[in-house]
Amino acid sequence: VVGVLGAHTSRAKELWGNSPLKSDSKDAEVICDLAVDGKWVTFSLREGAHAELKALVVHREQLVRRQTALKNQVRALLRVVFPEFQRVMGSRGVFTRSGLRLLEQFPTPRSYETVDDRQLSVLLRRWSRGRLARDRAQALLGAADQSVGVVAGLESRTWVLRRAVRELTSLEGEIRAAEARMTRALEDIPYAVCMLSMPAVGVVTAATLLGECGDLDNYPSARELLKFCGLNLVSSSSGQYQGRNRISKRGSRLARHQLYLLAGRLARSDRPWRGDYDRLRARGAEKKEALVALSRKAVRVLFALARDRAVYGRHVAAARVA
């Protein structure tokens, strides 16, 4: 079984009858013609644990998108009803467990009129497990007292804000449940533990790669896996003009995104691939280009770990960066 990319089908249909006409019968003919001519990419049918991972990866992606939309909604509402809240809690602190509990119980400046700094500090200490104390409570009470939040329509906005916060809390539980199922599905794949031995590779990264790409044993080489992920290099050249290399972006968007995030984690100062990142930057590569190069290296290393049933080590980490 092989795969014909949708982008190739869209372009090739212009050659049939010199017309952009699209129909079901024409699509079938174009796809078959491309397959016969060898214009295909390696495709691994997903069965068993790989099929389970594919469903879980798609479900988690939908949950994360909904979570992002709700966070943007909460930020927009806070800018209207209580703009000082984000300054006191910080951009990340708003969506921590303690921040969400605080928003659910005290969503507006007026709601702080029923509590003093001692009572609020007790609640904050309990919700944050000791990380937030009385100074944060006093800052919140001071911000609420001097708030410039809009009062008109406050009741309805408060209702919407509380609903969004409750849904966010529920979504976090659903995302954790999906990741727990991913962990159990990975246990049924023999080489998954080898992939997880690589630094910065977590359950979501491994599950996304195996769910999107299928069984890695069905790929003849890392080059085919790079092509399926859309990380193969292409360029546009004509005559004396030589275009710059770039990735094709033809293939799994989810796998490519997770590999890029993995490259970002591997390029941190305390990670073993920081040296590769610094060398690429010293050679003139932009930040994004350097991370894409590390993404390509990560694919080759992960493929080698799966193929050889090996645990990550120095001999594997020495793969060439390109």
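Which side chain does R253 meet in a salt bridge? The partner is E61, with 3.8 Å from N to O. Here, a salt bridge means a side-chain nitrogen of Lys or Arg within 4 Å of a carboxyl oxygen of Asp or Glu.

Before going on, a word on the model: it is predicted, local features need pLDDT of at least 70, side-chain atom pairs count only at pLDDT 80 or more, and totals for chains, interfaces and linings use all residues. Residues are numbered from 1 along each chain as its sequence is written, and side-chain values use heavy atoms, leaving out hydrogens and water.

**Salt bridges**

A search of the whole structure turns up 13 salt bridges. Three of them are set out here.

| Pair | N to O distance |
|---|---|
| E212 and K54 | 2.6 Å |
| R253 and E61 | 3.8 Å |
| E167 and R66 | 2.9 Å |

Let us take the pair E212 and K54. E212 sits in helix α10 (residues 203-213) and K54 in helix α3 (residues 49-81), and 158 residues separate them. E212 is buried at 7% relative accessibility, while K54 is partly exposed at 24%. Buried stands for under 20% relative accessible area, exposed for over 50%, and partly exposed for what lies in between (1.4 Å probe, protein chains only).

Now back to R253 and E61, whose side chains form a salt bridge. R253 belongs to helix α12 (residues 253-266) and E61 to helix α3, so the bridge ties together parts that are 192 residues apart in sequence. R253 is partly exposed, with a relative accessible area of 42%, and E61 is partly exposed at 21%.

The side chains of E167 and R66 also meet in a salt bridge. Since E167 is in helix α8 and R66 in helix α3, this pair ties together parts 101 residues apart in sequence. E167 is partly exposed at 31%, and R66 is partly exposed at 37%. Salt bridges with shared partners also join E61, R65 and R253 into one network.

**Two helices side by side**

Helix α5 (residues 97-105) packs against helix α8 (residues 154-186) at an angle of about 150°, with the axes 8 Å apart. That angle makes α5 roughly antiparallel to α8, a label for angles over 145 degrees. The axes are lines fitted to C-alpha atoms, for helices over the stretch in contact, and angles run from 0 to 180 degrees between N-to-C directions. On the α5 side, the contact includes R97, L100 and L103, and on the α8 side, L161, R162 and V165 are among the residues that take part. Contact means heavy atoms within 4.5 Å.

**A buried arginine**

R60 is found in helix α3. It is buried, with a relative accessible area of 17%. Leaving aside neighbours within four places in sequence, R60 is in contact with I175, E179, M182 and V204.

**Two positive phi values**

Most residues other than glycine have a negative phi. R129 has a positive phi near 55° and lies in the loop between α6 (117-127) and α7 (134-145). K249 has a positive phi of about 60°, and its place is in the loop between β6 (246-247) and α12. R129 is exposed at 68% relative accessibility, and K249 is exposed with a relative accessible area of 52%.

Key:
Helices (H or I, at least four residues) and strands (E, at least two) are DSSP runs, numbered from the N terminus. Angles under 35 degrees count as roughly parallel, over 145 as roughly antiparallel, 65 to 115 as roughly perpendicular and the rest as oblique.
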